[in-house]
Amino acid sequence: MQDAPIIRQMFNRISHRYDLLNRILSGGIDIYWRKRLARMLHRNQPRAVLDIATGTGDLICDILKNNQSITSIHGIDIAEQMLDRAKEKMKMKNLDSLVTLEVASATNLPYSDASFDATTISFGIRNVKEKEKAFSEMLRILRPGGFAYILEFSMPKHLLPRLYYLFHLRVLVPFFGGLIGGDRKAYQYLNSSIEQFDSPEIICESLEKLGFSNIEAHPLTFGAVTLYVAKK
């Protein structure tokens, strides 16, 4: 796991091609993954939402689409240039009146206790060195009865999907990351960060140990991604 300053620099470098490469490398399935999270969040009708490691703001856009319950949504990220892209996107979609974007870390959220009805993080928790501290911060700023939604890559358990997934991560992702994004090293990190990340069982144990309840882990696309839901 790399330190936060290195992660911040890396995401700032690839910010200009981040959305394009997400679509290409996932075959567009990343859109479906985020929509699954947004639909699950909608069931609980939160009013105030915090999106952690918001990147270019794609998840915020999905959450706000056809959702009448949300009155405000905050997005934080450690990479300033990713947030610049997110701000452009919010303005273009006329969402800037509902959205507040700021630089902040997942392990030190600049909000009071019990400030939000829901927290979300998509494909960001594996980049946090102290993930338990980030989970604790989510718990702290959630109101009683609030939910944390965590979307993250995971390793398929069955052999054939796992072999294809490893080929995709180790060969295709760095190749296209270098060809299109101009930063092969950043996408080699993507591969290693996924392979080294904790299993869904360990993530659920961590959430329970810290005080979350009603914890669910939903495997998506043969287990390539897992959507976690946990209640305060």
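Visitor: How many helices and strands are there in the protein chain?
Guide: This is a predicted model, in which local features need pLDDT of at least 70, side-chain atom pairs count only at pLDDT 80 or more, and totals for chains, interfaces and linings use all residues. Residues are numbered from 1 along each chain as its sequence is written, and side-chain values use heavy atoms, with hydrogens and water left out. Helices (H or I, at least four residues) and strands (E, at least two) are DSSP runs, numbered from the N terminus. Counted in this way, the protein chain has nine helices and seven strands.

Visitor: What is the radius of gyration of the protein chain?
Guide: The radius is taken over C-alpha atoms, and the globule rule is 2.2 Å times the number of residues to the power 0.38. For 232 residues, a compact globule would come near 17 Å, and the protein chain agrees, with a value of 17 Å.

Visitor: What percentage of the residues of the protein chain count as buried?
Guide: Buried means under 20% relative accessible area, exposed over 50%, and partly exposed in between (1.4 Å probe, protein chains only). Of the 232 residues, the buried share is 52%.

Visitor: Among contacts between residues at least 6 apart in sequence, what percentage join residues at least 24 apart?
Guide: A contact means heavy atoms within 4.5 Å. Within the protein chain, the share of such contacts that join residues at least 24 apart is 74%.

Visitor: Why is the pair of Phe147 and Tyr149 classed as it is?
Guide: A pair of aromatic rings is described by the distance of the centres and the angle of the planes. Rings of Phe, Tyr and Trp (its six-membered ring) pair if their centres lie within 6.5 Å; planes under 30 degrees apart count as stacked, over 60 as edge-to-face and the rest as tilted. A search of the whole structure finds six aromatic pairs, including Phe11 and Tyr18, which are edge-to-face at 6.1 Å centre to centre with 70° between the planes. For Phe147 and Tyr149, the centres are 6.1 Å apart and the planes stand at 35°, so the pair is tilted.

Visitor: Which residues is Ser206 in contact with, leaving aside its neighbours within four places in sequence?
Guide: Ser206 is placed in helix 9 (residues 200–210). Its relative accessible area is 12%, so Ser206 is buried. With those neighbours left aside, the contacts of Ser206 are Glu132 and Phe135.

Visitor: How far apart in space are Ala38 and Lys65, C-alpha to C-alpha?
Guide: Ala38 is found in helix 3 (residues 29–42) and is buried, at 3% relative accessible area. Beyond its neighbours within four places in sequence, Ala38 is in contact with Asp62 and Ile63. Ala38 and Lys65 are 27 residues apart in sequence, and their C-alpha distance is 8.8 Å.

Visitor: Is Asn94 buried or exposed?
Guide: Asn94 lies in the loop between helix 5 (80–92) and strand 3 (99–103). Although not a glycine, Asn94 has a positive phi of about 60°. With a relative accessible area of 64%, Asn94 is exposed.
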